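Here are my notebook entries for today.

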Amino acid sequence: MNFIGYHQHLVKFLISIAAAALLMTSCKSTEPAVPDIPDTPDEQQVELPLPIPAPDLQYIQKTKEEIRADVDIDSLMQSMSLQEKIGQLFFIPVNGTFRNDHDQRFLEWKRLVTRYNIGGLIFMSGDIYGQAMMTQKMQEISRLPLWISQDMEFGAAMRVHGTTRFTPAMGIAATGKPENAFLKGQITAREARALGVHQVYAPVLDINNNPLNPVINVRSFSADPEMVARYAEAFIQGVESEGLLATAKHFPGHGDTDIDSHLALPVIHHDYQRLDSLELAPFRIAINNGLRSIMSAHIAFPNISSNPETPGTLDPDILSGILADSLGFDGLVVTDGLEMQGITSRYSPGDAVVRSLKAGADVILISPDEMTAIHEVEMAVKRGKLSEERIDQSVRKILELKKENGLFESTDIDLESLSHRINAPEYKKAADRIARESITVLKNNRNILPVRDMDYQRVVVVSVADDRSGSTGRVLAREMRKYHNDVSSHVLDQRTGREEREKILEDAKNADLLVIGSFIFVRSHQPMQLSASQRTFLQQLENLGKPSVLIAFGNPYVLNELKSADVHMLAWSSSEHQVRNTVPALFGAQQVSGRVPATIPGLYDIGYGMDIPHSGLRFDFPESVGLRTDSLMALDEVMQSAIEDSIFPGGSIAVVKDGVLAWHKGYGYHDYNKTNPVEASDVFDLASVTKVMATTTSIMKLYEEGKLDLDDPVSTYIPEFNAADKRAITIRHLLLHNSGLPAFRTYVDEWQTRPEIIRAIRNELLENGPGEKYVYSDLGFILLAEIVEEVSGQRIDRFVQSNFFYPMGMYSAHYNPSRLGRWMSRRIPPTEIDDIYGRGIVQGLAHDERAYFMDGIAGHAGLFGSARDLAIWAQMLLNKGYYTGKRYLEPETIELFTDHRSSLNHRGYGFDRKSEDYSSAGSLTGDRTFGHTGFTGTSVWIDPDNNMAIILLTNRSFPHRSYGSGIRNIRPKIADTVMRSIID
C-alpha cells in the first residue's frame with residue numbers, strides 16, 4: 001500500500017472509530033457537560049456516534065510499520081481524527097506489575113490505548129520486569145508509539161522496586177556537591193531508559209521556604225533559590241545526558257504552602273514582585289539553560305492572576321502569561337495529576353482538561369476519567385469553545401518528541417540487558433556514597449558521636465512513626481546491632497498503647513543512651529508532624545535526662561519537637577537504603593560532612609553542619625571501595641580446593657579496604673565430620689598472630705607512654721638476664737628475634753605450670769650473641785609479655801583487653817575463650833586431637849602446649865579472635881592509631897614498629913613484613929605490607945599502600961599438626977586473589 005492509499009484507508013477507519021465513539025458517549029445520560037459552555041440549538045445537532053468496535057490489532061500493527069517507514073509529522077497529523085489527536089494529549093496511570101490478559105485493570109488500559117489513541121503512560125508502582133513487560137505489551141497494541149513517563153524524584157526506585165534508590169533532593173544539596181545531583185540524574189535516566197521510559201518527572205524546583213509545607217519538604221533542594229537552581233540544573237543535565245526528558249516542577253512554585261494540593265487547593269497570596277524574585281528564579285535559570293519540560297502546580301495565586309480562585313494548572317495568566325510570555329518557555333507543559341482534590345473538588349474531568357489546554361498545558365496527566373474527558377474536549381472543539389489548532393499545537397510537540405527519540409522506528413525493550421543495566425554495582429556504590437555524604441549532624445553535645453560500646457553499654461532505640469505498621473525502625477535497630485552489642489528497640493506509632501509506653505519508659509530508665517528515630521516523612525494525604533500524644537511521651541523520655549540522639553529520617557523540621565536532644569542528625573529519608581547508610585555515622589564508620597540546605601527555625605541556619613571523620617570500620621559491599629565482587633568470588637574456589645585437599649576443614653576470610661569490611665565470609669566446617677559449618681563470625685586460635693596483636697601492640701603502648709624504651713636492657717625487668725652473656729640483650733632484640741635465644745624449647749615434657757615454664761625461659765642458655773643472628777623465637781615473646789606485666793602491673797590478657805580489645809569493640813578477642821561459656825565455645829573450631837599430653841580434642845583452649853600450660857596466657861600464642869576482631873585491629877593501625885573517635889597509638893609509633901628495622905632480614909619490631917622473594921602476603925601487595933602468620937593456619941597482612949588488610953583464619957592443624965602443610969601456598973593465593981579484585 002502506498003502512502004496515499006494508506007491515508008485513504010486510514011481515514012475511512014478513523015471516521016468509523018470517531019462516529020462510534022460519539023454514539024457511545026451520547027448514550028451516557030449521566031455524563032457531565034462542560035460547565036462553562038451552555039448548550040445551544042445548533043450544538044444539539046452534533047452527529048451522534050455508534051458503539052465502538054473492537055480494534056483490529058493486525059491492522060494496527062500493519063499501519064504502525066507503514067508509519068515508521070517514513071514518518072512525517074505534518075502528514076501524520078492530517079491523517080488523524082480530532083478524537084485521535086485529543087487522545088494523544090492524555091497520559092494514563094499504569095502499574096508496572098504482572099497482569100493477566102483478562103484482568104479488568106489491564107483491559108481498561110488496553111481500551112484506552114487501542115480505542116482512544118492515548119498518547120502516553122505514566123507508570124506508578126511496579127517492579128523491573130513487570131514494568132518492562134507491561135511497557136512492551138502496551139507499545140505492541142498501540143497504533144502510535146506511546147510516550148512513557150514516570151515520577152523519579154528519588155531515582156527509579158521511587159516507583160520501580162529493585163532499581164537504584166537515591167537520597168531526596170534536600171539530602172543531595174546537603175552533600176555540598178552539585179556533581180552528586182548530576183550523577184543522580186544520569187543513573188536515574190539510565191535505568192529509566194532501560195525500562196523504556198522517555199520522560200522523568202523531576203527535579204523539583206520549588207523553594208522550600210515554609211517549614212509547614214506538607215508536600216514538598218525534602219523533595220526540594222533548598223530554601224535558597226540559587227542553591228535550588230544550581231542543583232536542579234545539574235540533575236537536569238544528568239538526565240538529558242542519557243537522552244531522556246527532564247521535567248521541572250511545580251510551576252510557578254509549590255514551596256511556600258501549608259496545604260497539600262492532593263487534598264485541597266493551596267492559595268499563595270504573594271504579589272508578582274515577590275514571586276519573580278524568589279519562586280520563579282530557579283525556573284527562569286533552568287529555562288535560560290534550555291529546559292524542555294515543566295509541570296504545573298495546582299495552586300491559586302489571587303494577587304498575580306485575574307482568576308483568583310483558579311489553580312495555576314488551569315490559569316492562562318500563569319501558564320501563558322508568566323511561563324510562556326514572561327519567561328519565554330515554549331517547551332512541553334505537563335499538568336500535575338488531575339486526580340488531585342485541588343482539581344477534582346472544583347472541576348469535572350472534562351472541564352479541568354479544557355481549562356488546562358486553554359491555559360497552555362500540553363500533556364494531561366492522570367485524568368480521573370479519561371473517556372469522559374476526551375469526549376468533553378471533543379465537544380468543546382466542535383462547539384467552538386476550544387480550537388483544533390490549540391489541540392494541534394500540543395499534539396505536534398508530543399509527536400515531535402516521539403520522532404526525535406526514535407519511537408516511530410522502535411519501542412522495543414531489551415529484556416536480556418536489564419540484569420546488567422539496572423541496579424548495577426557502580427550505581428549502588430554511587431547512591432550509597434551520596435546517601436552517606438548527605439548525613440548532617442547539627443549538634444553533638446557530650447561528644448556522644450561516635451558512639452562507643454564502652455561509653456554507652458546499653459542503647460535503647462525508639463522509632464517514632466505516623467503509621468500503624470509496627471515495623472517502623474526495624475532496619476534501624478538491625479543495622480545498629482552490627483556496630484553495638486546491646487541494642488533494644490521499640491516503636492512509638494499510632495497503635496502503641498499504654499502498656500507498651502510503660503515498657504519503653506522502663507527500658508529507657510535503664511539505658512545508657514537513647515536513640516530516637518523520627519520516621520515522620522513526606523507523604524501525600526498524610527500529616528508530617530508528631531501527634532500530641534507522641535510529643536507528650538517524648539517529653540517524658542526527655543525528662544529522664546539520659547544522653548540522647550535524635551535522627552530525622554524524613555522531615556528535618558521535626559528537630560524542633562525535641563530541641564534538648566544531645567545529638568541532632570538529619571538523614572532525609574526513611575527508606576531502608578538511607579537508614580542503612582545513616583547508621584555507620586553514629587559509630588564513626590563513615591565521614592560526616594553534610595550541611596543543612598534549609599533553615600531550621602530557631603535552631604540552625606542554612607549551611608550549618610558539623611564534621612566527624614571516618615575512623616571506624618564500616619560493613620559494606622566490595623564495590624563500595626573499588627573491589628569487584630565477581631573477582632573476590634574466586635576466593636571461594638581457592639578455599640574450596642584447599643578444603644577438598646584436606647589442608648584445613650574450614651576457615652574465614654576478611655578483606656578490609658578504605659575503612660570498610662568489604663568481604664567477610666566463612667568456608668567449610670569446624671572439622672571433617674562436616675556437620676558444623678564455619679560462620680564468618682567464628683572464633684579461631686590465632687597462634688603466633690598473638691605476637692603482634694597482643695604482645696607487640698602492648699609494647700607499642702608502653703613505649704609511647706614512656707614506660708619502657710626499646711633499648712632498655714631486658715635485665716631491667718628480668719633479673720636473670722643480669723648475667724655477662726645476657727646483659728646486652730634489649731627489648732629491641734626480643735622484638736627483632738635476634739636476642740640469641742633459641743627458637744623454642746618443649747619444656748612441657750618436664751614442667752607443666754606457668755611459674756616453672758617462665759623460670760625455665762628466664763634461665764635459658766643463649767645460642768648466639770645478641771644481634772648476631774635472626775632466629776624466630778617464641779621464647780623472646782613470652783618474656784616480652786612478662787615485661788608488659790612487670791611494667792603495667794597487669795597480665796598481658798588484662799592489659800590488652802582493657803587498653804585495646806574492649807574499647808575497640810573486639811568482643812571475641814580473648815585468651816581462654818571457652819571459659820566464657822558455651823555461647824562462645826560453640827563458635828570455635830578445634831585445632832587438634834592431642835594424644836600426647838592427654839588434652840583430647842583441643843577446642844577453645846590454646847593449641848600451643850607452652851601457652852596451654854601457662855594457663856592459656858602467653859606472649860607468643862594463646863589469643864583467640866574472629867576475622868572481624870582482626871579487621872578492627874588492622875583498621876586501627878591503618879588509621880595510624882585512631883579508631884571510632886579515640887586515639888590508641890600515635891602515628892609515629894606505628895611507623896616505627898612496622899617499618900623495616902632489622903639489618904638481618906626484612907622484619908620490623910615484632911611485625912613480619914613482606915619479603916622480596918616468597919611471602920605469604922602474595923606478590924601483589926605493596927612493599928610496605930606488614931603483619932604476621934600463625935601455626936594454626938592464620939594470617940593477617942596490612943597493606944598501607946593500598947589502605948587494606950587481608951585476613952585468613954583456619955584450623956589447618958586439625959586433626960593433627962602434621963596436616964595442612966599446603967597452607968604455605970594458600971596464603972599467597974588468597975592475598976593475590978584479593979589484590980586482583982581491585983578495580984583500576
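This is a predicted model: local features need pLDDT of at least 70, side-chain atom pairs count only at pLDDT 80 or more; totals for chains, interfaces and linings use all residues.

**Rings, charges and a sheet**

I began with a charge and found the charged end of Lys 726 over the ring of Phe 721, 4.6 Å from its centre; this counts when NZ of Lys or CZ of Arg is within 6 Å of the ring centre and within 35 degrees of the ring normal. Lys 137 does likewise over the ring of Phe 106, at 4.9 Å from the centre.

Residues are numbered from 1 along each chain as its sequence is written, and side-chain values use heavy atoms, leaving out hydrogens and water.

Next I searched the whole structure for aromatic pairs and got 15 (rings of Phe, Tyr and Trp, the last by its six-membered ring, with centres within 6.5 Å; stacked under 30 degrees between planes, edge-to-face over 60, tilted for the rest). Phe 911 and Phe 930 make an edge-to-face pair, 5.3 Å between centres and 80 degrees between planes. Phe 911 is in the loop between helix 34 (891–898) and strand 27, and Phe 930 is in strand 28, so their pair ties together parts 19 residues apart in sequence (helices, H or I of at least four residues, and strands, E of at least two, are DSSP runs numbered from the N terminus). I checked burial too: both Phe 911 and Phe 930 are buried (under 20% relative accessible area with a 1.4 Å probe, protein chains only; exposed is over 50%, partly exposed in between). Elsewhere, Tyr 483, Phe 587 and Phe 619 form one aromatic cluster.
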